[in-house]
Amino acid sequence: MQRTEVRILIVERNRRMRDFLRREFSRRNFLVEDAGNGNELFLKLDSDITTHLVVLAVNTPEGLDRGLLQQLITNYPNVPVILHSYLEELSDDPFLQKVAGMVEKSGNLENLTRMVSIVLSRYYPDLIENDKPESSNV
Amino acid sequence: MADKTFHSLHRLSLRAKLLSLLIVLVVATLTVAGMTLWYVYGTQKIFQHMEKSDITALLSAQGLQKELMAQQGLTTYYSLDHDNKWLVRLENNNKQFEKLLNKARETNYLDQGRTILNNIESDYLHYIFSRKEVINLYRKNLNKEGVELHRKIRARFQSIYDLCEQYKQLHQEQIRYAAVNYRNQAKILTALSLVSVPLSAFLAVWIGFILIKHILDPIRHLARLEEDGVPDILSGEVGALSERMQNLIDDVENAYEMLQHSRDQVAQSEKMATVGKLAAGMAHSIRNPLTSVKMRLFSLERSLNLDVVQKEDFEVISEEIRHLDTIIRNFLEFSRPPKLRPQSVSPSELVDSTLNLLSHRLESCGVVVTVCRNENLPVVNADTEQFKEALMNLILNACEAMVDGGKISITEDSMTIAPYGKMATLTIVDNGPGIPALFKDDIFKPFYSTKEEGTGLGLSISNRIMTEHGGWLHLKDSGPQGTSFIMALPLKDASTWLRS
């Protein structure tokens, strides 16, 4: 299976950020879906289309939307989740330990794409067997 | 000697002084009262004795004389008319004489008196016998012989009369002696009264003086303590009481100040919470689009082929965005202070650790830091990361103030500061240009900065961190020679204010 078969669901409230991520991941030959909130996220996950990875970037001024992450991890345990967030704002939520990866939301997209490669190669080794993950310091 | 006694008295406590004086006063009063009782009893005894013995004896002696004279007279009357009624009366007088003589014997208590009475009795018996002979001669009408014998017994009559007089004088002498005795006792009592009454009066005045000077006056002073402060004249128990009261008043004032301080802090905290919430909301709202901008710039940077000028513009934009990001981070940190994770640590270790972290920065700024330390400070309860951040903010501020490099000294100390108790203190002194007097009152206020690119949160965050640790951050001094700050933290055994 090639990258064109891997579907990433980007959950981001900021539309422009969402569009940017969609564009960048599409440019890297991923199939990209996006969602602006929890409802859209679960609608996409419940659809017939398979989602291989969720990049979750839903934040509120009070920190992570705890209910959303808990619902996602509990109801879709087979879908790896990468948390793309302001890490310093995260609380001691036990569900944080169940995410596949965490990336600081900075201006550097490379960190996120690198983490996506790492997670995909860990969860779907046969899917992207030829796509070696880059060494990461995230 | 008197001086020594006075000094000894002066050294006595107020309680001992009052007790001593009261004891002396009571003893003096009781002594006078006892002596008066003794005198009254003695006087009464003298009088009773005098009445029972001497006056009775005196009266008896006078009675004997009277009866004797009457008998002599009746015998003469009988010689004249030989009427038997004189003999009947003579017999009555005789019985009366014997009765008086017996009474005199009963009341007599003197050996000399007894001898006199014996003599009276003996002479009287002889007298009666001779008188009976005289009467018999008159009865037989032997008047001439009767007159002759009658004349002879007159000498015996005179002798008995004299004995009676002697007996009378003896008891008069006893009465005089009792009077002398009475006067002597009265003199003693008078002398005692002359001593004890002034002594009692003196003691009473002294007690009154002590009561007024050492109790009533001090109490009046104490009542006006708030107006006048502690009077210097108070000493001893009342002095201790005054000191205790002053301490209590100080404690109340301290407690009031602390309460006021706490109220101010609560009000400030509420204000800061509101400001922080606003800041957090705003920062978060800005942060997301800013990240989007950063990402797009990052993407652009990789794809564009820029010339030198464009590159410079691009870098400025990137730098300003980073600056914005820093401001936002500070805002968020200020609005959501991390929870304290206190642990036992010596502030000295934290100083070393902070200086180690800042070593490159200090070097690049040309700042030399000196630590004045005799030995490591005692352990405090502190969140190491937050304390380091507080100290770091101070050091970095000093570095920024000293544009061309300079010196910073950190002096470590531990001391007891009322009412907080034992504290560890760090005094951070730089030789920068100092803080302008106009800004001194506002340096700890959030969002207040004199620097072009400052967020105005560094000192505010440091101040809050110290307050949360139960300590404080104070601006000690600032002038053209430099600025000094004091950080104080309660030692571990005194850290009751620590908020966890």
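This is a predicted model: local features need pLDDT of at least 70, side-chain atom pairs count only at pLDDT 80 or more; totals for chains, interfaces and linings use all residues.
Residues are numbered from 1 along each chain as its sequence is written, chains are lettered from A in the order in which they are written, and side-chain values use heavy atoms, without hydrogens and water.

User: Are the rings of F97(B) and Y124(B) stacked or edge-to-face?
Analyst: Rings of Phe, Tyr and Trp (its six-membered ring) pair if their centres lie within 6.5 Å; planes under 30 degrees apart count as stacked, over 60 as edge-to-face and the rest as tilted. By this rule, the count over all chains is nine aromatic pairs. For F97(B) and Y124(B) the centres are 3.8 Å apart and the planes at 20°, so the pair is stacked.

User: Which helices hold F97(B) and Y124(B)?
Analyst: Helices are DSSP runs of H or I with at least four residues, numbered from the N terminus. The pair ties together parts that are 27 residues apart in sequence, because F97(B) lies in α3 (residues 84-107) and Y124(B) in α4 (residues 111-139) of chain B.

User: Is F97(B) buried or exposed?
Analyst: Buried means under 20% relative accessible area, exposed over 50%, and partly exposed in between (1.4 Å probe, protein chains only). The relative accessible area of F97(B) is 0%, so F97(B) is buried.

User: How are the planes of F202(B) and W206(B) arranged?
Analyst: Both residues lie in helix α5 (residues 143-223) of chain B, four residues apart, about one turn of the helix. F202(B) is partly exposed at 49% relative accessibility, and W206(B) is partly exposed at 29%. The ring centres are 5.7 Å apart and the planes stand at 50°, so the pair is tilted.

User: What do the buried residues of α3(B) pack against?
Analyst: Good one to look at in the viewer! The buried residues of α3(B) include W86(B), L90(B) and F97(B). In chain B, they pack against α2 (14-81), α4 and α5.

User: Which helix gives the largest share of the side of chain B that touches chain A?
Analyst: With contact meaning heavy atoms within 4.5 Å, 17 residues of chain B are in contact with 28 residues of chain A. Both α7 (236-303) and α8 (308-335) of chain B supply at least two residues of that side. The largest share, 13 residues, comes from α7(B).
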